[in-house]
Amino acid sequence: KQWYQRRVRVEFVPEKFRVYYNTWNMLTWTAGYPLLVCVSYLIHDWKYIFLATTICVALTYTPLVLLPDSPRLLMSLGKVEEAKKVLKLYAGLSDAKIDLDAVALVVDETEDVKKSDDVTIMIRIKEMVSHKALLLETVVQWYLWLCCCLLFYFLNYGWGSFGDTPYINYLFAGLGEAIAYILLAPITNILGRRMGMVFSLGAACACFLLAMIPWTWTSVWSFERLMNMVAIIFISDGFALVFLYTNELAPTTHRGLVMSSASLLARIAAFTGPFVSDIFGTNSLLKLTVNAFFAGSAAVLTLVLPETKKLPMPERAPDVAVRRQKQKLIKCCHV
């Protein structure tokens with residue numbers, strides 16, 4: 001559901017507004033922290049806590065039933081008439097005086113345009129493998145998702161370790177993320193998607209390296225703790241930005257496949273994280289080294305990807321190679 005919502009959002013929202021929609025989405029995510037604290041404080045039985053949260057999650061599926069497929073996706077599948085119906089629907093909602101019956105929607109007839117009835121997941125996977133540019137960028141994005149989620153979910157510690165109750169800890173964890181998401185829009189607007197990712201992950205790497213300095217002020221505060229708290233802000237920025245960046249990098253025909261596979265890796269990282277974290281035990285230096293490696297390597301690999309700010313999204317797999325050629329990126333991935 002989550003990746004589907006983000007994919008639909010990026011296909012409906014104009015480019016100049018996407019970063020603000022993404023910021024608003026992540027801030028509402030953060031609002032869930034204090035709400036969950038309230039639910040847990042009022043409801044003590046874990047079975048009823050799960051029931052309450054399940055009801056809330058079930059309600060979020062309502063928009064998925066009401067929203068139509070985007071015209072962008074329908075056009076990429078050659079479904080021109082259905083795309084025109086969706087455009088008429090939104091034209092009516094916005095009181096736009098447009099006679100869409102007089103507008104001819106043209107599909108570039110290539111081998112990549114197939115009717116939805118003929119398209120299977122295996123066809124999309126084969127197309128991805130055969131188009132080296134798309135395969136390269138997808139693999140890099142998989143690694144970005146893996147690193148961001150590893151750091152976001154279990155290797156990040158600091159903001160959630162305040163206070164003497166789990167309620168206070170959870171509130172502080174939400175505070176750290178809120179600060180990150182408020183900074184997300186200016187970072188992305190100034191640096192763009194690509195360099196915004198490099199900056200966020202690179203800054204997190206630097207924080208983890210600086211945290212190795214053995215400087216303790218009190219029994220609670222140390223330089224390591226401070227740097228970890230700052231690193232979490234940058235990791236949260238990278239975590240939020242990777243959702244938007246991946247949606248804009250992937251072509252419309254393969255956006256669902258790329259997002260779902262990346263989300264699968266994210267879930268694996270989130271589920272296995274606590275067990276992997278136990279391996280390090282109390283070895284703080286080893287933890288920081290691993291954190292720095294994941295953040296730093298992800299920042300470097302991001303340089304392989306193109307910029308997407310103020311650029312049209314690719315519609316089909318060959319468009320990815322064309323975009324790389326225009327930005328003069330590495331030429332090991334021609335169609």
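In this predicted model, Glu315 and Arg72 form a salt bridge, with their closest N and O atoms 2.5 Å apart. Glu315 sits in the loop between helix 12 and helix 13, and Arg72 in helix 5 (residues 71–76), so the bridge ties together parts that are 243 residues apart in sequence. Glu315 is partly exposed, at 23% relative accessibility. Arg72 is partly exposed as well, at 24%.

The count of salt bridges comes to 8. Another of them links Glu15 with Arg193, with 3.3 Å between the closest N and O atoms. Glu15 belongs to helix 2 and Arg193 to helix 9, so this pair joins parts that lie 178 residues apart in sequence. Glu15 counts as buried because its relative accessibility is 19%, under the 20% limit. Arg193 is buried too, with a relative accessible area of 1%. A further bridge pairs Glu127 with Arg124, at 2.9 Å from N to O. Both residues lie in helix 7 (residues 121–130), 3 residues apart, or about one turn of the helix. Glu127 and Arg124 are both buried. Through shared partners, salt bridges join Glu15, Arg18, Arg193 and Glu248 into one network.

Arg18, a member of that network, is placed in helix 2 (residues 15–42). Arg18 is buried, its relative accessible area being 7%. Beyond four places in sequence, Arg18 has contacts that include Arg72, Arg193, Leu244, Glu248 and Met313. Arg18 and Glu248 are 230 residues apart along the chain, yet 9.9 Å separates their C-alpha atoms.

Arg193 is also touched by Thr188. Thr188 lies in helix 9 (residues 166–210) and is buried, with a relative accessible area of 0%.

Aromatic pairs number 8. One is formed by Phe239 and Phe243, edge-to-face, with 5.3 Å from centre to centre and 90 degrees between the planes. Both residues lie in helix 10 (residues 223–249), 4 residues apart, about one turn of the helix. Phe239 and Phe243 are buried. Together with Trp145 and Phe152, they form one aromatic cluster.

A nonpolar patch lies on the surface. It consists of Ile190, Leu191, Met195, Phe199 and Leu303, with about 460 Å² of accessible area together. Leu303 is found in the loop between helix 12 (284–302) and helix 13 (317–326). Leu303 is partly exposed, at 38% relative accessibility.

The chain as a whole has 13 helices and 0 strands. Of its 335 residues, 47% are buried. Among contacts between residues at least 6 apart in sequence, 77% join residues at least 24 apart. The accessible surface comes to about 17,200 Å², and 70% of it belongs to carbon and sulfur atoms.

The mean pLDDT is 80, and 82% of residues reach 70 or more. Over residues 156–160, pLDDT stays under 50. The model has 23 contacts beyond four places in sequence for this stretch. Where pLDDT is low, predicted coordinates should not be read in detail.

Definitions and conventions. Residues numbered from 1 in each chain as written. Predicted model: local features only at pLDDT ≥ 70, side-chain atom pairs only at ≥ 80, totals over all residues. Heavy atoms only, no water. Helix = DSSP H or I, 4+ residues; strand = E, 2+ residues; numbered from the N terminus. Buried < 20%, exposed > 50% of the residue type's maximum accessible area, 1.4 Å probe, protein only. Contact = heavy atoms within 4.5 Å. Patch = residues over 30% accessible without salt bridge, like charges linked within 9 Å, V, L, I, M, F, W, Y side chains within 5 Å. Areas by Shrake-Rupley, 256 points an atom, 1.4 Å probe, with all protein chains shown as cover. Salt bridge = Lys/Arg side-chain N within 4 Å of Asp/Glu carboxyl O. Phe/Tyr/Trp six-rings, centres within 6.5 Å; stacked < 30°, edge-to-face > 60°. pLDDT = per-residue confidence, 0-100.
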